[in-house]
Amino acid sequence: MMRPYSEKENVQKKPYYSDRFWVAPQIPKEPVESDAIFASDLDVLKAKFEIKEAYIQRGQMVVYINPADNVDVLMCLRDELSYNFLSEHSAIDWLAKSGEFEIFYQMLSTCKHKRLRIKCFIKEKETLKSVIDVYKSANWAEREMYDMFGVIISGHPYMKRILMPDDWYDHPLRKTYPLQGDEAAQWYEIDKIFGKEYRDIIGPEERDGARIDVDDTYRFAHINHEVPFGAPRSLEKTVTEYQEEGGVFIVKKLKKEDAKILKERP
Amino acid sequence: MQKVNRLKPFFENLEFEREDNHMIVNFGPQHPSSHGQLRLILELDGEKVSKATPDVGYLHRGMEKMAENMIYNEFLPTTDRMDYIAASSNNYGFALAVEKLIGLEVPRRAKVIRMMLLEINRISSHLFWLATHALDVGAMTIFLYAFREREYTLDLIEDYCGARLTHSSVRIGGVPLDLPKGWIESLNKFINHLPIDIGDYEGLLDQNRIWKMRLEDVGVITPEQAQSWGCSGPMLRGSGIAWDIRKEEPYELYDEVEFDVPVSTTCDSYGRYKLHMEEMRQSIRILKQLIPMYYETSPEIMAHAPQYLSAPKEQIMTQNYALMQHFVLVTQGMRPPVGEVYVVTESPKGELGFYINSQGDPYPYRLKLRTPSFFHTGFLQELLVGEYLADVVAIIGNANIVFGEIDR
């Protein structure tokens with residue numbers, strides 16, 4: 001038997017229906033000249049660095065730079081152009097398309113009331129310089145980016161995984177990583193808690209949180225067919241009494257006349 | 001040699017037995033004052049912290065990965081689980097980001113209702129902050145008082161959307177429901193009484209000797225630190241930087257209502273406590289202005305955009321084409337234009353940002369959640385150094401971190 005072919009480079013969910021004549025509209029990109037503050041900022045950057053592309057989208061300027069310039073560009077933005085915050089910094093996975101990560105730095109200037117995005121592309125095994133000396137908020141953002149994408153950062157004082165365990169295999173936000181986790185993820189907790197030798201006895205972890213097993217009486221109860229916890233399923237009908245229908249009274253000592261129900265705030 | 005793959009404590013580069021006055025303390029992740037699952041590895045020199053290493057990830061659910069595998073409307077209830085103390089503010093941040101992405105204008109009544117929900121959530125979050133922070137520091141009474149008032153905010157939200165914790169009270173393109181009958185009256189009752197309650201809290205705490213000793217000059221954040229570490233919200237305004245996104249980059253109708261942005265220049269925990277109290281008063285002020293604005297609006301609560309949003313239920317049930325649209329939008333999802341947005345809102349904790357990169361598919365290509373608590377927790381490694389061990393709990397409580405949005 002042959003397994004059906006599935007694309008391995010991008011295992012994210014895809015629409016099951018697509019109209020091949022439909023062309024997705026684009027969010028318009030406005031020229032930088034349309035905003036005076038952004039235009040003067042870009043002129044300062046252009047004088048010092050190589051700018052690959054720059055435009056304004058939805059009110060925020062996007063500037064593409066060389067990945068080697070990242071520290072200098074951010075230093076210039078902070079010291080000369082008063083962009084005093086690095087609000088966010090992360091990556092986008094384009095490995096399937098071009099073998100690259102797109103890195104973005106989301107900046108904010110509180111005195112100019114402007115937000116801009118510095119972007120660059122790096123190859124999968126390429127190293128990116130840490131910007132932690134310019135903005136300390138990059139400390140955890142870079143760690144998270146390494147954890148989630150495997151982007152290699154140089155010059156970070158404590159480059160360790162942040163959200164996933166230290167010995168986790170692979171980087172979960174890559175498009176090649178399945179949503180339910182890969183083979184290594186199935187065995188991770190079994191190996192941790194019991195040891196590898198128990199793999200045959202316990203079996204792999206169920207990683208699909210939405211899976212329902214009708215024979216499982218540990219996790220699922222069967223209404224009207226109740227059995228003791230973990231016992232095999234039975235088709236014998238059990239009687240359920242409801243309080244509303246005059247059945248068992250669950251709280252035996254409750255006196256209704258003693259209870260006080262407030263209609264509104266005293 | 002320790003076996004790495006067994007569930008035993010495994011600390012590389014950490015020495016527990018030392019001859020000098022140093023000690024390493026593991027704080028959390030099950031510590032009641034760690035506000036969730038924060039684990040801190042504290043290196044102590046006597047009683048002073050000489051190095052702090054926050055360790056997070058115990059509540060990591062991979063929301064960004066989930067978002068890439070969900071249509072936009074499916075993801076909205078997941079955002080409830082980020083900052084679960086004020087769930088509506090996350091719903092709203094996400095809905096606003098998608099609206100910016102597809103370029104949608106929301107009806108005025110929906111805007112008013114959204115702002116009401118946001119401000120009630122802010123009050124609810126601040127009350128929760130005050131209660132747990134005071135409890136951590138040792139004030140039990142304030143915990144009970146603040147939770148009593150928080151109950152009324154939860155009742156209001158429950159009356160509106162039926163949920164108390166995971167609200168999902170905002171939809172992309174508007175709000176699901178109009179305000180129920182009698183809601184405005186109970187809101188009025190609540191906001192008329194709350195200033196008295198806030199006065200009670202302040203009466204208990206403001207001049208309280210213990211409270212002042214525990215908070216004054218503890219957790220001092222200089223403006224430079226706050227900027228460099230990407231602090232936002234009360235953590236930033238507590239350092240004397242007046243930056244409130246509602247004021248500076250107004251969304252919805254925040255440019256039409258009058259309110260002040262409280263700023264504290266003392267930079268310490270006590271200043272941030274005063275700030276939270278004042279912010280609640282400003283929220284009440286906004287809510288009071290919103291009530292007459294609500295009555296002036298026309299009754300539409302969802303935007304009309306058939307390409308992206310389903311028609312109202314009455315139309316779906318009566319008109320064939322609306323039903324077809326609805327079927328396509330539910331089974332396949334809306335397809336926003338190609339492009340990217342980064343949209344920020346002022347959540348009770350600070351700057352809540354949603355970065356969405358859309359490639360024209362029903363699933364976002366990349367969705368990055370910028371949460372204030374993540375950056376505030378990262379800042380702890382510098383903030384805690386030099387403080388006493390007993391103040392660590394006060395500083396964590398004061399930073400107002402919620403683990404749902406740190407680990408996501």
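Predicted model: local features only at pLDDT ≥ 70, side-chain atom pairs only at ≥ 80, totals over all residues.
Student: What makes strand 2 and strand 3 of chain B a pair?

Tutor: Pairing requires at least two bridges between the strands. Strand 2 (residues 39-45) of chain B and strand 3 of chain B have seven bridges, in the antiparallel sense, so they count as paired. One example is B:Ile41, whose bridge partner in strand 3 of chain B is B:Thr53.

Student: Which strands make up the sheet, and in what order?

Tutor: Three strands of chain B form an open sheet in the order 1-2-3, with antiparallel pairing. Strand 1 (22-27) and strand 3 (48-55) of chain B each have a single partner strand, so they stand at the edges, and one side of each is left without a neighbour in the sheet. From one strand to the next the twist averages 15°.

Student: What packs on that sheet?

Tutor: Helix 15 (residues 389-399) of chain B does, touching strand 1, strand 2 and strand 3 of chain B. The direction of this helix makes about 150° with that of strand 2 of chain B.

Student: Let's move to strand 4. How do you know that both faces of strand 4 of chain B are covered?

Tutor: Look at each side in turn. B:Gly339, B:Val341, B:Val343, B:Thr345 and B:Ser347 are buried on one side, and B:Glu340, B:Tyr342, B:Val344 and B:Glu346 are buried on the other. A residue is called buried if 20 or more other C-beta atoms lie within 10 Å of its own. In strand 4 (residues 339-347) of chain B, nine of its nine residues are buried.

Student: How many bridges join strand 4 of chain B to strand 5 of chain B?

Tutor: Nine, with strand 5 (residues 350-358) of chain B running in the antiparallel sense. B:Glu340 stands opposite B:Asn357 in strand 5 of chain B. The two strands form a hairpin with two residues between them.

Terms used. Residues numbered from 1 in each chain as written. Chains lettered and ligands numbered in written order. Helix = DSSP H or I, 4+ residues; strand = E, 2+ residues; numbered from the N terminus. Axes fitted to C-alpha atoms, helices over the stretch in contact; angles between N-to-C directions. Contact = placed C-beta atoms within 7 Å. Buried ≥ 20, exposed ≤ 12 C-beta atoms within 10 Å, placed from the backbone.
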